[in-house]
Amino acid sequence: MLKIAPSLLAADFTCLEQDIARVDKADYLHLDVMDGRFVPNISFGPPVIAAVAKITPLPLDVHLMIEEPERLLYDIFKAGQGKIDCITVHGEACRHLHRTLQEIKNLNVKAGVALNPATPIGSLKYVASLVDRVLIMTVNPGFGGQAFLGETIPKIEDTAGLLKSLGVSFEIEVDGGIDPKTAPLVVAAGARVLVAGSAIFGADHPHEVIRELRESSKVN
């Protein structure tokens with residue numbers, strides 16, 4: 001089943017509640033937490049997550065683009081007020097990825113691993129038993145509105161192949177430059193969760209874009 005996760009980073013923060021209401025036909029609300037160290041930008045943290053949790057009907061898909069994410073896991077989880085479906089950390093940002101994933105699982109939410117475009121997927125096989133979702137970045141993280149990197153498609157295919165070879169079950173998520181034109185490409189490669197920011201929040205009718213993403217990328 002294909003799932004759509006609008007990225008809050010592309011919303012209008014001057015009217016956040018109204019903008020969130022415009023994407024209520026999606027499956028998740030994707031929250032990018034940036035620290036200004038792992039990525040150049042700073043976005044938001046637990047206080048904004050707590051506010052969003054109060055006003056959205058959608059489960060939260062939290063993506064931590066931060067160094068040493070284990071420092072904030074409990075604060076992020078608490079801010080989510082029971083609405084967090086998955087917390088995803090970057091393999092590049094974790095000194096002890098296995099331990100960090102265990103800590104996420106101990107919070108009784110799904111655990112995800114994100115990989116930047118140039119990061120190999122080999123390390124996934126050593127933590128696969130703890131992973132519920134693998135997020136393949138299809139742009140370099142830190143900025144919204146970037147162009148999709150076509151060279152990441154083989155990486156999505158390789159991740160799907162690794163999943164099959166290991167006999168494990170996790171979702172492949174993609175983030176960056178996803179719109180109705182690029183969505184069919186990543187779905188054909190094996191992605192099943194699509195994060196889209198500008199394409200959805202920047203549209204006059206976000207519900208129509210969500211529908212178009214689903215229809216252009218139907219999974220058999």
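Strand S4, helix H4 (residues 97-105) and strand S5 form a right-handed β-α-β unit. Right-handed here means that, with the strands pointing away from the viewer, the path from the first strand over the helix to the second runs clockwise. Helices (H or I, at least four residues) and strands (E, at least two) are DSSP runs, numbered from the N terminus. This is a predicted model, in which local features need pLDDT of at least 70 and side-chain atom pairs count only at pLDDT 80 or more, while totals for chains, interfaces and linings use all residues. Residues are numbered from 1 along each chain as its sequence is written, and side-chain values use heavy atoms, with hydrogens and water left out.

**Strand S4 and its partners**

- Seven of the seven residues of S4 (residues 84-90) are buried, so the strand is largely enclosed by the rest of the structure. Buried means under 20% relative accessible area, exposed over 50%, and partly exposed in between (1.4 Å probe, protein chains only).
- S4 pairs with strand S3 (residues 60-65) in the parallel sense, over five bridges. Two strands pair if DSSP finds at least two bridges between them.
- Cys86 in S4 is the bridge partner of Asp61.
- S4 also pairs with S5 in the parallel sense, over five bridges, and Gly112 in S5 is the bridge partner of Thr88.
- S3, helix H3 (residues 73-79) and S4 make a right-handed β-α-β unit.
- In a regular strand the side chains alternate between the two faces of the sheet.

**Cysteines**

- The structure holds zero disulfides, a disulfide being a pair of cysteine sulfur atoms within 2.5 Å.
- Cys86 is in no disulfide, and the nearest cysteine sulfur, that of Cys94, is 13 Å away.
- Cys86 counts as buried because its relative accessibility is 0%.
- Cys94 is buried too, with a relative accessible area of 9%.

**Helix H5**

- H5 (residues 153-166) has 14 residues and reaches 20 Å from its first C-alpha to its last, close to the expected 20 Å. The expected span of a helix is 1.5 Å times one less than its number of residues.
- The buried residues of H5 are Ile153, Lys155, Ile156, Thr159, Leu162 and Leu163.
- The cover over these buried residues includes strand S5 (110-115), strand S6 (133-137), strand S7 (171-175) and helix H6 (183-189); contact means heavy atoms within 4.5 Å.
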